[in-house]
Amino acid sequence: NACASRGLRTQGMSPGRLRDDLQMWLDLRLKYGLPSTLLVLSNAFMYTQGKDSEISSQIDALQSVLSSIPEELFHEIELEVHNAEGAATNKQRLEVLKEQQELIEEENEQNEENGNTGQAAPKDDENIDEEDQKKATAAKEAQQQSEAAEAEKDVGEAVEHERKETETETEKDGTGEDSSKR
């Protein structure tokens with residue numbers, strides 16, 4: 001159960017192998033301070049490689065995961081860490097910005113090529129979550145305005161009804177005065 005909750009392969013594994021894998025996971029997490037998310041990611045990587053792959057240990061899986069991270073992403077994260085520590089240099093910032101600019105240019109070129117061949121590139125410029133939120137807010141505001149208008153109408157009708165009752169009582173009394181004042 002401890003192995004499964006950490007994403008370690010359990011099916012078809014011997015109890016001795018489970019103990020070793022769990023001990024390795026705990027050592028990497030507690031002794032060496034590796035983030036648990038990275039360890040879980042490496043376990044997921046091991047699952048995708050299959051049981052009979054050359055990746056047989058947590059260390060091999062970590063090396064495979066870390067080596068598959070794009071260099072630009074690594075540099076960007078490295079800069080964020082250095083910024084948090086206050087140790088980032090302008091040279092590092094400039095290098096990361098250049099890498100990001102190159103990626104943007106490559107993406108624009110791919111979009112142009114896809115446009116020339118008639119293939120539309122998927123665009124992720126819409127945020128449907130915000131649109132849903134805006135629609136819900138607009139609907140709620142419209143309902144509140146409608147309720148406010150209806151309440152004003154009801155108040156107006158009540159005032160008019162009371163005025164008519166007062167006129168009717170005054171006419172019945174014949175004196176022109178409100179009978180409740182006597």
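Predicted model: local features only at pLDDT ≥ 70, side-chain atom pairs only at ≥ 80, totals over all residues.
Numbering starts from 1 along each chain as its sequence is written. Local features need pLDDT of at least 70, side-chain atom pairs count only at pLDDT 80 or more, and totals for chains, interfaces and linings use all residues, while side-chain values use heavy atoms, with hydrogens and water left out.

**View 1. Leucine 39 in helix α3.** Leucine 39 sits in helix α3, residues 36–49 (helices are DSSP runs of H or I, at least four residues, numbered from the N terminus). Leucine 39 is buried, at 0% relative accessible area (buried is under 20%, exposed over 50%, partly exposed in between, with a 1.4 Å probe and protein chains only). Leaving aside residues up to four places away in sequence, Leucine 39 touches Trp25, Leu28, Arg29, Leu34, Gln58 and Leu62 (contact is heavy atoms within 4.5 Å). Arginine 29 is ten residues from leucine 39 in sequence and 7.9 Å away, C-alpha to C-alpha.

**View 2. The two faces of helix α4.** In α4 (residues 58–68), Gln58, Ala61, Leu62, Ser64 and Val65 are the buried residues. They fall within an arc of 165 degrees seen down the axis, so they line one face of the helix (the arc is taken from the directions from the helix axis to the C-beta atoms). Turned away from that buried side are the exposed Gln63 and Ser67.

**View 3. A nonpolar surface patch.** Leu66, Ile69, Leu73, Phe74, Ile77 and Val81 make a nonpolar patch of about 500 Å². Helix α5 (residues 71–85) gives the most to the patch, with four residues. Isoleucine 77 lies in α5 and is partly exposed, at 43% relative accessible area. Patch residues have over 30% relative accessible area and no salt bridge, with like charges joined within 9 Å and nonpolar side chains (Val, Leu, Ile, Met, Phe, Trp, Tyr) within 5 Å; a salt bridge puts a side-chain nitrogen of Lys or Arg within 4 Å of a carboxyl oxygen of Asp or Glu. Accessible areas come from the Shrake-Rupley method with a 1.4 Å probe, and for residues only the protein chains shown count as cover.
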